[in-house]
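Subject: Handing over a structure, with notes

Dear colleague,

I am passing this structure on to you, and I would be grateful if you could look it over before reading my notes. The sequence and the coordinates come first.

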Amino acid sequence: MAQSFDLIVFDWDGTLMDSAAAIVAAIQAACRDLGLEPPTDERARHIIGLGLHDALQTVLPGLDPGRYPEIAGRYRHHYLSRDHELVLFQGATEMLRNLLDAGFMLAVATGKSRLGLQRALDHSGLRRYFHATRCADECHSKPHPQMLLELMAEFAVSPERTLMIGDTTHDLLMARNAGVPSLAVAYGAHPRALLEAEGPLLCAASVADVQAWLLQNAGA
């Protein structure tokens, strides 16, 4: 079967790594540390995928801007205290290995910082599977298309031969803004209904479903 895509770009948190619950808990703990009302689980999950600064502005819109660095520091403290406990979704490593062996170029576009992604890549052992990565502290935050535009330019791949895979509407909107087709995963941060409303090619229930779709439709 002719390969439909050359470049496959993955989100990280909630797509490859099972970290959404840890992010929510860290946001809520950081708020409590500073005597702020913590957001609900639903509201905290909604900002997953954004860069940290944009996420805090969204979830705490009335906060004095001068306090954002303070709460960001508390968030990092709580998240890093348990990030070594986080695991990949079942089948993620095998899927990436199969895609790489099939000749796809693989990349990451994440709301994490560069330091955070480097830690996650080292801890998970996935660094060797990716040709390139983009992070929110070196690009505009999602849903701005900069991460995808830079990755496509780096590998001289057109939008129609690029696929974005993510668990949030931020990922899908970034793809749309870049003219790139998208695939959603419903096992991460955002609920299926919100993801399906953005019109992805598929809303997958598991990593196995993602791999099966790619095997059938992307030439993997």
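Predicted model: local features only at pLDDT ≥ 70, side-chain atom pairs only at ≥ 80, totals over all residues.

Residues are numbered from 1 along each chain as its sequence is written, and side-chain values use heavy atoms, with hydrogens and water left out.

The protein as a whole

The protein has 10 helices and six strands, where helices (H or I, at least four residues) and strands (E, at least two) are DSSP runs, numbered from the N terminus. For 220 residues a compact globule would have a radius of gyration near 17 Å, and the protein agrees with this at 17 Å; the radius is taken over C-alpha atoms, and the globule rule is 2.2 Å times the number of residues to the power 0.38. Its C-alpha trace spans about 55 × 30 × 30 Å along the principal axes. Of the 220 residues, 52% count as buried (buried means under 20% relative accessible area, exposed over 50%, and partly exposed in between, with a 1.4 Å probe and protein chains only). Among contacts (heavy atoms within 4.5 Å) between residues at least 6 apart in sequence, 64% join residues at least 24 apart.

Helix α1

Among the buried ones are Ile-23, Val-24, Ile-27 and Cys-31, and the buried residues of α1 pack against α2 (41–46) and α4 (68–80). Gly-35, which follows α1, has a positive phi, near 70°.

Aromatic pairs

Two aromatic pairs were found in a search of the whole structure; rings of Phe, Tyr and Trp (its six-membered ring) pair if their centres lie within 6.5 Å, and planes under 30 degrees apart count as stacked, over 60 as edge-to-face and the rest as tilted. Tyr-75 and Tyr-79 form a stacked pair, because their ring centres are 5.9 Å apart and their planes lie at 15°. Both are in helix α4, four residues apart, about one turn of the helix, and both Tyr-75 and Tyr-79 are buried. The rings of Phe-89 and Tyr-187 have centres 4.6 Å apart and planes at 65°, so this pair is edge-to-face. It links distant parts of the chain, 98 residues apart, with Phe-89 in the loop between α4 and α5 (92–101) and Tyr-187 in the loop between β5 (182–185) and α9 (192–196).

Two residues in loops

Thr-15 sits in the loop between β1 (7–10) and α1 (20–33) and is buried, with a relative accessible area of 1%. Leaving out residues up to four places away in sequence, Thr-15 touches several residues, including Phe-89 and Tyr-187. Pro-61, in the loop between α3 (52–59) and α4, is by contrast exposed, with a relative accessible area of 60%. Beyond its neighbours within four places in sequence, Pro-61 is in contact with Arg-43, Leu-56 and Tyr-68.
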